[in-house]
Each structure stands twice: as C-alpha cells, then as structure tokens.
Amino acid sequence: MFKIFGRSYPGTHPLEHPLRALLERQAGTGDEDAAVAFNMVDDHRVPGGRERLLLESLGSTDIAATKFKDDFKDFFKSNIRFTQTPDFILPVNAENRVPIRTGFEGDGLQPGLSLVRLLDLSGLVSVYRRYTRHKSGQFTGLERDPAKFPEWLEGKCKAGDAAKEEFIGATLDILNADRKALPYQPVWAALWDEFSPYLSHPAGATRWRQALGLKPQTSPRWYAVLKYTAGEVGSLYRPTQIDADWNCYHAPSAGSAPVWRGGCTMDCRGECMLPLSEYVHQQIDHEPEHWTSAGGRVGLDQMTDTLGFQEQRRRHHELLVSHFGEAARRWRC
Amino acid sequence: MKAEYPDNPVGWARRAVDQWLVLAPVDREARLVRWLQNYDEAADWGDEPYIWILNSLPPGADGADARKAMAEVIQAVLARRPDVEPLGKHREQLLYNLLQLAAAIYRPNRLWQPLLELLNRRKLAGEFLGSDLRASLRAALIGNQGDGQLAELWLRMGRNQEDYLPGTPVHAYYGALMLPPVDGGRPSPVVKDSLSLAAADLESDFDRRRPRFMELLRSLTTAFPRDSARWDRDLVFMADEARWPIWTCSCVNMFPRFTEPGEVGMPAPVARTIRSSFDVQISQELWGGCVARMTLRGEALAYYERFHDKFAAYLASMQEQVRYRSDAAWEGLLHITLERSLKWIVPPSPLKTLAPFHYLTFPALNPGFSSPTRLPTSAISFSGSSFLLR
C-alpha cells in the first residue's frame, strides 16, 4: 500500500497522485524532485496535524503533479519561512519538540549544550541594503551599486580581526532587529560537539557547509560560524521535510532515533562516519559572543562538491542503515 | 502584542504576560513581585504563581524573549537581597515563587551571580507550604550554573556532608549534570562521581534501585545526545573510573562495542566462557573485573552476537514484567542465558566448568540474594526459574 509520511491510508491519499507521478518518472535517476517525493513518502516525523495543515493549503482533491511542487513551496513560504509563528512551534508539532532540561528533575537536553549554525553572509544582501543607515556605518554605500556586493563583502570578511568583529557585531545587530519585522525561518542548528572537528578541515568553509548537508549554491559564499546554547533558543525541534522546503538535501532520520537526537545531516562529501544531529528553531537574538566564542570564524565556501547528489544520498542511506540498523533500510533513495 | 487572544484562561494569561513585557523595567519589577505573591492576574488559579507564569509563556523565540525579560527582573529583585531585607507582604511565598521561576528559566548570564551571592550569604531560611526555601534555591542554582564553582558542593551533597543546602545524593547528581558542559558538549567529570554516590545512596533499596538508577542514566544520555554505541562505551568507562557499585552493571549495556572491528565488551563470565571455549584472550578488564574487553573473530564473535541477542530478548521480556526489574532478576537472566548458551559451543562446554568461573569472578550483584564467600559452588542451582523467583 502506498504510504505518505510513513503512514498507510485507506483509499487514495490526495498526495498519492502527484507523488507517484514524480517517483514513476524519475526514481533511480538521482533526480532531486524524486528524492523529495521519496522523503515525503517516508518522513514519519510529520505529524497528522501538520499533514492536515499542508492539505488545507494544497487542497484535498485533484492535486495536479505539475502544480504540486510550486504549491508546496508556497505553503512553506507562508507557513514557515515568512511567519512569526511557523507551524513547527504549534501544538500540532509537539511530538517533534526536543525537551530541554531545567533546574527540576526530568529528561531533556542540557541547556548549556552548545549549538552551532552557519550564517550565510552572502545571502544577506537585501538585509544589508535595508540597513544602510545603521548607526555603525558598516553598510553605508551599499544602496548605490548592488552589483558590487560580493566585492564589498569580501573586503569586510578579509579585514583585520578588530574590523571583522565590528562588522559581524553590526550584522548580528541588524538581524536581531530585522527578524521582528521580516521573519526568516527556520534556523538550522547542529551540535557543536559533533561539528567542531570539521572546523579545522583544510577545505575550510566548504567542508563546514558540506558537513551540515547544505545544498551547494552556484557561486562562492561567505559563512560565519555562530555558537550558542540550547537554553537560549526557547524551543528546539526535530526537523521534518516540511521545514526543509522543497529541498532534496534533507533526508528523514531513522524511526528508531529518539526525538532528542534531532534529524541527521547528509554529508555532501559522503565521508562522515556518524551523521550529525540537526535541529530547527525560530530566529533568536544573537550576540557578538556567539561569534567570538566560536573562534571568530568567517570563511569562503567554494561550492566545490564533486561526489554528486545520487552517490551522496546513497552513502547517506548506507550510513543510516549501519548506524540505526536494518529498520532504516526501508527509507529509499 | 497580538491583536486577539483566545477568550479562555490561557489567552488571558498570555495577554497579561504580553502586557507585562511592554511595561517600563521598574513597572515590570513591581508587577512581577505582586504576581509572585498571588496578586492581580496571577491570583487564584489553584497553582502557585510561578506555574501560572511558566504556562503563560509563548513557545519559540517569543518565549525566549519573555524568559530573558523575566531573568532581568529576577536579577533586579535578587539584587535587593530579599533574604535579609524582607520584600512584600508574603515574603516566603515571594521567595519560593521567585526561586522556582528562576529554576525553570535558564539564564546563567543574568542569574548565576545573584544566586551565588544568595547562597554565600547563607541567610535564606524559612519555608513555604512545608517546602524549605533553600530547596528552591538549590533548584535555581542547579538550573543556572554559569561555571564550575559548585562542583565541590554537589560532591559534598552526594556524600551527605553539605551543611547548608538541603538535598540527597540524587539531587547532587542533578546538580552535577547541569554543570556547564566541557567544551560545550561533554558532561562535567563530576557527573560520574556523583552517579557513584547516588548509586551508593540507592543501594539499600534492593527492589527499586535498578529502575531508579536507570532513570538517572537516562537523564544523562538524553542531556547529551550522542550515538548510543558511544554512550554504551562511555558509561562503562565512567563506571570503571568512578567505581560504581557492582549492582549497577545491570543498569548499563554490558555488551558495548569499541571502535576497532570485532572489539567488544561483555560481562566477565561470558568472557571467561569465550576464553575457555575459543581460546581468545581478554585484552582489558574494566569495572573491577566485571567487564572484559576482547577482540573477537569467527565463531567466537558469532557466539558473542548470539549471546547478546538472546540476552537482549530476555531482558526486553523482563522489562515488561514489573516484578522482575531488580538487578537480582537481571543477574538471573544472565545465568539462564549462560546456561543455555553452552549448547551453542561445539563441543558443548560442561556446566561444571562454568559455575566456579562465574561465582569467583562475577559475584552475585545483590548482596541480599547470594554471596560468593558464603555459598559453596556445589550448592549453586542453575535452574533459571529459581533465580527469577528469588
């Protein structure tokens, strides 16, 4: 029986037709749309309540295969990306909420546990341009010639330590203000303890991005490393495919993995011996210490992934099977 | 602030907290102090005000912002030294709720220093509704440790030697668990010692000590998420280094896998069976000789895997039966599995060679159940059911 989000349904599920169409045409070709379709079939982490929200948006009858992808992306934008109350913080997603310990007894992540995220500085062009009159004076002149942004950013990122610290401090300051007016969710985070060995890799920021399983972009990008604690984020969640947009670089984590392990990153090099735990949370205020405590790192990712998506996904699947046992094999690639 | 709130207690509480958040700092403090004494919106909900406040906090980033604001006000109230200069009409209720709220709000950058000063003044006294206010201070300190200063205090409490802050060795363990992680991701070294002290404290409760200690271990493994195989190894190493009581063997996976292929751990009697039957040497003894480390190949590895699977299946079955959750029951299962596993070996290993090994090297875990020094080998029964029933 055809499954959606790891569940069987009596009769025909509204998503069965578009997903079948994507899978029958492109399965086994390494096609990225087919990979997302497989994820939707197998992502057991999507609760029934969130599935209902998705169907309310897509419509519950006659969902055309051709429109499905676009409608899904629109749903992501309206319900996750650009809202102050993304679906993953709603009670319908309670089963993916990762408990965080307090001073009382009980289970949960140690709140002092360090998380890490990569801040894509190159992706902030529109934010920087909104704050050209910022009190720091760091972003003055950007509005005049947007085409020179890469060159401008390179100058900032290659500046001396003190100048770089001022620039990152100002960047975090405008992000803290911007998130209240123009949210951009979710934030993806990994455990510092698991990620930190990659910080000293000779490939630098390219390896940082690969270890976290972020899809390569068409041109090099600057990343800053931020380190903060689980106790600072308010609420932490295990991600689902719905939180990842139409992104084939996300993959469901094994059903046997407890919720506090979060999701599993898919290493773009296929070399990880253990998948890294990954979580999502809402944007929070970042302080300069979040950057300095991570070593004050800024690096240029060259976007040089040579493995290829199909092989990368196959290796990730094998890693999950070896790690979580045969139960993970039913997840397909 | 939201334009609309549900017309129910949750909505009213959420609106009250949102309105509080937009107040000037001095007004926030005054309002919170009233709330914590069960006045205004916080009054008469049946729970103590700190629970009403916690339940009113929104999820996600808004909740983080609200907690940050709460922490700022708690810091300001603590700066007024409410332990020596009484504040409010209901001093005990205010202090109780203030500290309980601080315990649930992780903000060490704001709360750690004032709480530490409160502890060091040693002036906090009294109780609220039968609860010692110093117990609330303990909870607040546990939840907001900004550095490792209290490591010694938790060890002292674990040894029942702490003379000011009340608490059991189990409380002390939770205090150690919440010490700032080493390098942002590993438990403090004090955790393994505090677990040893907590185990010693639980020791006399023969029937419940195993499930209770397993709860403590679960709180550790969920606090620091990592690969379960790594936790299996780490727990054995922690037990070895801190010399946890032998009965706690029953609380961890005694079949850890180490990093090299075929390199595994197992209870000593299993290792001795493998050594005598397959001629494989023990490479390391851990945890006072209870766990043996060996590198296995071929038939020896196959025996190990089969033993492990069988024992795990028995254990899973046992866990479902409440009366068989003690470490004595665990030990009985190990005996049964050992007894039955002998026929897997070709030629079958005689039982009589196994018995002395077991009782000399792996003493009965439950001191009330049997004793290797008192029980002659000839008197040992390997009837599985008799072990389970005792």
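## Overall make-up of chain B

In this predicted model, the secondary structure of chain B consists of 17 helices together with five strands. Of the 390 residues in chain B, 42% are buried. When contacts in chain B are taken between residues at least 6 apart in sequence, 65% of them connect residues at least 24 apart.

## Two helix pairs in chain B

Helix H5 (residues 91-104) and helix H7 (residues 133-143) of chain B have axes that come within 7 Å and cross at roughly 20°. An angle under 35 degrees counts as roughly parallel, and H5(B) and H7(B) are therefore roughly parallel to each other. Their crossing is left-handed, and by class the contact of H5(B) with H7(B) has eleven nonpolar, three polar and one charged residues. From H5(B), the residues that take part include B:Glu92, B:Leu95, B:Tyr96, B:Leu99 and B:Ala102, while H7(B) contributes, among others, B:Leu133, B:Ser136, B:Leu137, B:Ala140 and B:Ile142.

Helix H10 (residues 190-202) and helix H11 (residues 209-223) of chain B pack at an angle of about 160°, and their axes are 10 Å apart. Angles over 145 degrees count as roughly antiparallel, and H10(B) and H11(B) are therefore described as roughly antiparallel to each other. The crossing of H10(B) with H11(B) is right-handed, and this contact has eight nonpolar, no polar and two charged residues. On the H10(B) side lie B:Val191, B:Leu195, B:Ala198, B:Ala199 and B:Leu202, and they meet B:Arg209, B:Arg212, B:Phe213, B:Leu216 and B:Leu220 in H11(B).

## The nonpolar core

The largest nonpolar core has 183 residues, and those with the most contacts inside it are B:Ile74 and B:Ala102. Helix H4 (residues 60-79) of chain B gives the most to this core, with nine residues.

Once neighbours within four places in sequence are set aside, B:Ile74 is in contact with B:Leu98, B:Leu101, B:Ala102 and B:Leu111.

## Backbone features in loops

For B:Asp279 the phi is about 55°, and its place is the loop between helix H13 (268-278) and strand E4 (284-286) of chain B. Exposure requires 12 or fewer such atoms, and B:Asp279, with 8 other C-beta atoms within 10 Å, is therefore exposed.

In chain A, a cis peptide bond with an omega of about -15° joins A:Gln185 and A:Pro186. A:Pro186 is found in the loop between helix H7 (161-181) and strand E5 (187-191) of chain A.

## The contact between chains A and B

The contact takes 30 residues from chain A and 27 residues from chain B. On the side of chain A that touches chain B, the residues divide into eleven nonpolar, twelve polar and seven charged.

Definitions and conventions: Residues numbered from 1 in each chain as written. Chains lettered and ligands numbered in written order. Predicted model: local features only at pLDDT ≥ 70, side-chain atom pairs only at ≥ 80, totals over all residues. Contact = placed C-beta atoms within 7 Å. Nonpolar A, V, L, I, M, F, W, Y, C, P; charged D, E, K, R; others polar. Helix = DSSP H or I, 4+ residues; strand = E, 2+ residues; numbered from the N terminus. Buried ≥ 20, exposed ≤ 12 C-beta atoms within 10 Å, placed from the backbone. Axes fitted to C-alpha atoms, helices over the stretch in contact; angles between N-to-C directions. Parallel < 35°, antiparallel > 145°, perpendicular 65-115°, else oblique. Left-handed = near helix turned anticlockwise from the far one by under 90°. Core = buried A, V, L, I, M, F, W, Y, C linked by C-beta atoms within 7 Å.
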